[in-house]
Amino acid sequence: MHLEAIDWTQVSTDLDAYGAAVIGPLLSTQQCGDLVRLYDSGDENLFRNRVVMSRHGYGRGEYKYFAYPLPEIISELRTKLYEPLSAIANDWNDVLKIDTRYPSTHRPFLDRCHQAGQTRATPLLLQYVAGDFNCLHQDLYGEHAFPLQIAFLLSAPDRDFRGGELVLTEQRPRMQSRAEVVHVNQGQGVIFPVHHRPVQGARGIYRVTMRHGVSRLRSGTRHTLGIIFHDSQSDIPQMDFGWTLLHAADDECIAVGSVDQGFSGSGKHSEPPRHLKSAANAIRGADLPLWNP
Ligand SMILES: [Fe+2]
């Protein structure tokens, strides 16, 4: 791992220009192989949950969320990469006139998540085989969201798999959406926005809504390591109808609105609003405890 070799000015420039920045390789072939082997190691204490994407309409393929304590290499990457990214995240909020500021080290930001009930680890291993894909989405898991995340490619393109490219889309206000396909080699990481980013336009800076996914794998097997810097209250990511059902027990629901709709913060509803009922309906069938409308 050679974090000191990363040119953070270049990362910032690439993020501003394209919405993505490739770093590394930070992981050796050996380290990539070791991480891939964790997936089927049978050590289920390593993971807190396995998600089969087709069951939730997320695509095809599967992933597992690590449990705390994280494997050391993942913990180290998450802690160390947070620090330079927090400076970029604060610059973004500054130009977007968003009040939230991120601490310069990860621990106090995690404390902020945990105090809000977002206590579950979010780093994850993803596994795709031929025909698998990941629909466009945003990795929001509660009120607190760090605006940048990293995906490390653990497999070697053309040797281990074909197809399966990371796809980012930018939904620009009153304009058509733009797509970016990011090619990454084994051991490299790609830094990209979780839900939005600032773009410099002719008449000032505006905000674009970002989504990401993975195109269909043509052959082989592809593993990635995803590092998300906020923790989770729920395993249900943001869905396109604009609301996330975070928790539902008895007759109490906690919901977070979509950033697209200008809603921030969370609220408790003894009777969920109508759009939340449709959210509950849409994800019904998931193996999750849901409020029953
Ligand atoms: Fe994701």
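In the largest nonpolar core, which has 56 residues, Ala 20, Phe 146, Val 190 and Ile 191 touch the most other members; such a core is a set of buried Ala, Val, Leu, Ile, Met, Phe, Trp, Tyr and Cys residues joined through C-beta atoms within 7 Å. A residue is called buried if 20 or more other C-beta atoms lie within 10 Å of its own, exposed if 12 or fewer do, and partly exposed in between, with the C-beta atoms placed from the backbone. This is a predicted model, in which local features need a pLDDT of at least 70 and side-chain atom pairs count only at pLDDT 80 or more, while totals for chains, interfaces and linings use all residues. Residues are numbered from 1 along each chain as its sequence is written.

The chain has 6 helices and 17 strands, where helices (H or I, at least four residues) and strands (E, at least two) are DSSP runs numbered from the N terminus. Of its 293 residues, 38% count as buried. Two residues are in contact if their C-beta atoms, placed from the backbone, lie within 7 Å, and among contacts between residues at least 6 apart in sequence, 72% join residues at least 24 apart. Phe 146, one of the core residues named above, is in contact with Ala 89, Tyr 102, Phe 109, Val 194, Phe 229 and His 230, leaving aside neighbours within four places in sequence.

Phe 109 also belongs to helix H5 (residues 106-115), where His 106, Phe 109, Leu 110 and Cys 113 are buried. Seen down the axis of H5, these buried residues fall within an arc of 100°, so they line one face of the helix; the arc is that of the directions from the helix axis to the C-beta atoms. They pack against helix H4 (72-95), whereas Arg 107, Pro 108, Asp 111 and Gln 115, on the other side of H5, are exposed.

Arg 222, in strand E14 (residues 217-228), is buried because 26 other C-beta atoms lie within 10 Å, and beyond its neighbours within four places in sequence its contacts include Tyr 128, Ser 155 and Asp 160. Gln 127, in strand E5 (residues 124-129), is partly exposed, with 19 other C-beta atoms within 10 Å; Gln 127 and Gly 61 are 66 residues apart in sequence, yet 6.1 Å apart in space, C-alpha to C-alpha.

Lys 97, in the loop between H4 and H5, has a positive phi near 60° and counts as exposed because it has 9 C-beta neighbours inside 10 Å.

As for confidence, pLDDT is the predictor's confidence in each residue, from 0 to 100; the chain averages 84, and 80% of the residues score at least 70. Over residues 277-293 the pLDDT is below 50, and it stays under 50 over residues 235-272 as well. Where pLDDT is low, the predicted coordinates should not be read in detail.
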